[in-house]
Amino acid sequence: MDKLKAYYRKTELFFGNLKFAVVIITLFAICLGYGTFMESYHGTEYANRLIYKSFFFMAIQFCMFLSILFATLIRLPPRKHLYGFYVIHAGLITLFLGSFITYTSGIDGTITLAPNLAGRQIQLTNDEFRIEFPTKGKEVTVELPFVSGPKDLKMDYEGIKLKTFLPFAKDELNWLPMKIKNESQSSSRYRIYNDNFGEFITLSLHPLSDFNNTITMGPLNVHYMPTSLANCFMANTPDGLIIWNGETSQCISPVVSEIKRRKHQSGKTIAEVNFNGTLVAFLPEMSPLPLNSQMELNENSPFRIFSKKLFEKAPHLFLFGKFVAFYNKDSKSWEGSAVEINNEVILPWMGFKARLIEHKTDAYATMTPVFVKPIQENGQLIAGDMKALKIEIDDQDFWVRSTEPVAYNQNNERIRMEIGKKVLTLPYELILDQFKMDTDPGTTNPASFESYVTLFKGNKGSEKHHIFMNNPLKYDNFTFYQASYFQTQQGPYGSVLSVNFDPGRFWKYLGALLLVLGSIWHYYLRRKHLAKPGAQNG
Amino acid sequence: MGKLLSLFILLFSFNTFAQFNFCTKDLETFPTRSGGREKPLYVVATETLRFITGETKIEDLSATEAFCKLSLKAFGMPLELPVMVRVDHIDVKKILGMNENDHSVDINIVIAKIALIDTELAQQKENNSYKKELTKVKQRHDAYIAITSARLWTIPQVNVGKIEFVSLGEFLTETRVAEARTKSALPVNYLFEQAKKDYLKLNGDSYLLELTYFKYNLFLWAMLISILAIFSFVGLKNKAPASVLTLITIGLQIAAMTMRILISGRAPVTNMYETVMFSGFGALVISCIITIYRKEIAFVIAGLGYNILCLMMMKFANGMLEPGISPLVPVLRDNFWLSTHVTTVILSYAALALSWLIANGLLIRDRFFSVSSSEYRYGVDLIYTCIKFGVVLLSTGVILGGVWADYSWGRFWGWDPKETWSLIVLLVYLAILHGKSTSWIPPHRFVPLVAGAFMSVMMAWFGVNYILASGLHSYGFSEGGALFLGSFFIIQITLIILGTLGKKKLA
């Protein structure tokens, strides 16, 4: 017992020591200062994950709590000149307890209300990974860790392995090797630029690539095609027709005499071409798809036909890996030239040039999430605003991004997976009747944000409420505050309310009051001052 | 342009001389609206001209006269005023073809190079100082174009019994001027007189208080009298004249702040300019209270000194502190919380500023002059008194901030940079106060620590807005502040190093 007392005494002396208080207060202040800089550079969520909600920071706060507690206990029994001190420290202990109750039992989230639609789902801060099995009618949710950097997970749900979670990520170009070299599934990277503008573009013909084979840059349309098509493209035929077999990557540019034209019963012109022994029929003015024996458009056919003439009016750039072609309006002819890696071709539009950066036929370009520290500018995240989770299904790795859900067919079942915010469903509904934003007279500066909502309380009827800055709605222990707004595609504004349930509120207020009153009392009790040197006492 | 040209012919075809004299100082009281508020033309003209040129005059023309004449350019008035646009960034000077030592460039050069500025702006990915300056030059250009195309000057008009404001270009229509010509030989003057009469009849003349506020320049008088008071306190044995001067200073500042409150309709603590204004005043009042309570004149001298520093910043740091009165962002539109939370925090900074001044004074005196051990300890006690006030006020202010945040944003504490830094300030002073009772912080360490601790106040007050500039509280962001803060830190650290190095330790 005496040993236990001695241990307690040691603990009391250690934590209740003024020097320990100085150290822990200083450490706490340094962490806070660092946190504000992190928040400024990397955003609120990163600072929360790195500092304010980290284990280390919680441990410092716990040490502060111990310091305050033992500093009080060590000064018992009560002494009159320390009354203010006791009240201050009792206030701080109450404040800490209130904050702890809020941390463990409080709810802090947002509810997004689209105009005239019922809303009852509160989005919370934490992220979760949801897996839906529609045929089984089952949904699995996994809470993702609140970390600031990449975190390896060792979790397995229904044959889906959760491998790595990236709380802040960006997609980065990645070349994945192909099993067999294939010219018709190539990927290339170019830079299109002039003196005022420049952009890197990546194009791919590989079916698993995240990149398309066409891209639009303002008025310029860029098309990416297999290298084998380049010759047909440059063939100078009067019709300008090109027929292409997607399976073999072969193409022909038939001359007029090789195209048989006949009228169909519908009055449309059917063109027929002999492509290496196969007769291919088209409606050249209508579709690039060939016709089957029933004279219907055949989407499954490997053949495609198109006319170059369609691409002569607007700027169209055709890229064939190491070959570039375009129609030059000045010379009224199709021009093309070969281009090697890091070489450029001058284009006939506004001084633009195309430079080939990379071209691969044994690897395909795809986007892979990589961890990135988020960057904040003017209060907005400009990098790292995506979360990503690497999963493994059927021995294959996939990335699930917070930007869009992913579907996967497993044993004839379509599984849907997504990363989203944890959701809490309210037992009642809110409908946004109107969102109003007033501006200062003669300006576009917002003067007020106001939500007119109807609260449907189930069997208890409904109520109209007006929520605006500094005027929240309180119902069922929840408080709804005007937080933000957004414009829907249809035009009207929607509203975002922050929703809060704080069971620690009373204790925090009580603690705060005790702290302020205690400080005044403390300094009143210690109001003795030194006399001015040289001045007479009395 | 064709319409404006024909209007010009209509306007100036008769009695040209009289019309040219239209732009006089009488227009200073003309009601107009700008930035969401109704105010006299004098204020709009001065603020706009200062924004564009950094000056409140063009040659011998007052801001109002120049603003009026520039506005009339929209009607083809043949007038060339040398409007010089302020440019501070060296790289922006280069693209405008300026010399490094020039501070302004002719507006016509900016107009000619605006496409280049736009291209440069579009190419800047980072929001660095170059981009900010380019944006500012573009805004100055846009403001000039808005004036000279008669869009910036708004004129009151009666519409269904209510005053509405239209731009000068919309107001001076051919029909309206032709109609006015039938009533007066000076149709433009007639139309403006009529517009003003209509405004006064419906909205009254309370807007003119802003003219009085800016014209009287009471803060400048307060600064001069504060300086006199300090000299009187130090130089005269009889403290009565200095006390009277101090009271006059306080009276002038109360009068000026009351005017500002009446104009804006809110507590005067909503931007950097106002917080500096209130903290100077607060420090002086607190110092007077402590002086009475402790019968020690050093407090009031420190209070006056700090008040002078604040008034000087208000007068001379216009690049950093904007004296104009603007509408508030929605979340701050709550007078109760503004006048409790913000004022309490600013008063706490004022009290801590007194401790900072006394600490620095003691540091310098001890290093370069002679201070006895008892005098030093007495000085420490004075500092301690100020900190006690500061800490109690700051705790209250931080807690009131938490309550306001809970009331309007739904959480008592959210680690927003402003609230976090106010807590850091509290923690810094608490660490010093706790340490003072240990062997770690004896008096010779206490004084430099208090002098340095004020850097945390400056960081919370200015640094969050000028350096961190993010979070819910960033309503006072403006340029130039980072430089000010950096200089302050360097000077303060140098003072501490000078004051502590090679100094004999006092017990």
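1. Two residues are taken to be in contact if their C-beta atoms, placed from the backbone, lie within 7 Å. On that basis, and bearing in mind that this is a predicted model, 50 residues of chain A are in contact with 53 residues of chain B. On the side of chain A that touches chain B, the elements giving two or more residues include helix 2 (18-42), helix 3 (44-52), strand 28 (446-456) and helix 7 (505-525) of chain A. Helix 2 of chain A gives the most to this side, with 14 residues, and the residues of the side as a whole divide into 23 nonpolar, 20 polar and 7 charged.

2. Chain B, taken on its own, has 21 helices and 8 strands, and its C-alpha atoms fill a box of roughly 90 × 50 × 50 Å along the principal axes. Of the 507 residues in chain B, 45% are buried. Among the contacts in chain B with a separation of 6 or more, 68% are between residues 24 or more positions apart.

3. In soluble globular proteins, nonpolar side chains tend to be buried together. The largest nonpolar core in this model has 161 residues, and those with the most contacts inside it are A353(B), L354(B), I358(B), I383(B), L427(B) and V450(B). Helix 17 (residues 335-368) of chain B supplies the largest share of this core, 16 residues. A second, separate core has 40 residues, including Y190(A), L203(A), C251(A) and A271(A).

4. Two residues that follow one another in sequence, L449(B) and V450(B), can be examined together. Leaving aside neighbours within four places in sequence, V450(B) is in contact with S355(B), W356(B), A359(B), I383(B), I387(B) and I432(B). L449(B), which lies in helix 20 (residues 443-468) of chain B, touches I432(B) and I441(B) when residues up to four places away in sequence are not counted. Why is L449(B) classed as partly exposed? A residue needs 20 or more other C-beta atoms within 10 Å to be buried, and 12 or fewer to be exposed; L449(B) has 19, so it is partly exposed. L449(B) and L309(B) are 140 residues apart in sequence, and their C-alpha atoms are 21 Å apart in space.

5. Helix 12 (residues 209-216) of chain B has E210(B), Y213(B) and F214(B) as its buried residues. Seen down the axis of helix 12 of chain B, these buried residues fall within an arc of 85°, so they line one face of the helix. An α-helix has 3.6 residues a turn, so residues three or four places apart point the same way. The buried residues of helix 12 of chain B pack against strand 2 (37-40), helix 3 (41-53) and helix 14 (240-264) of chain B, whereas T212(B) and K215(B), on the other side of helix 12, are exposed. Helix 12 of chain B is followed by N217(B), whose phi is positive, near 50°.

6. Chain A holds an open sheet of 5 strands in the order 8-9-16-17-18, with mixed pairing. Strand 8 (214-217) and strand 18 (333-338) of chain A stand at the edges, and each has a single partner strand, so one side of each is left without a neighbour in the sheet. From one strand to the next, the twist averages 20°. Strand 8 of chain A pairs with strand 9 (residues 220-224) of chain A in the antiparallel sense over 4 bridges, and the bridge partner of I215(A) in strand 9 of chain A is V222(A).

Notes: Residues are numbered from 1 along each chain as its sequence is written. Chains are lettered from A and ligands numbered from 1 in the order in which they are written. This is a predicted model: local features need pLDDT of at least 70, side-chain atom pairs count only at pLDDT 80 or more; totals for chains, interfaces and linings use all residues. Two strands pair if DSSP finds at least two bridges between them. Axes are lines fitted to C-alpha atoms, for helices over the stretch in contact, and angles run from 0 to 180 degrees between N-to-C directions. A nonpolar core is a set of buried Ala, Val, Leu, Ile, Met, Phe, Trp, Tyr and Cys residues joined through C-beta atoms within 7 Å. Ala, Val, Leu, Ile, Met, Phe, Trp, Tyr, Cys and Pro count as nonpolar, Asp, Glu, Lys and Arg as charged, and the others, Gly among them, as polar. The arc is that of the directions from the helix axis to the C-beta atoms.
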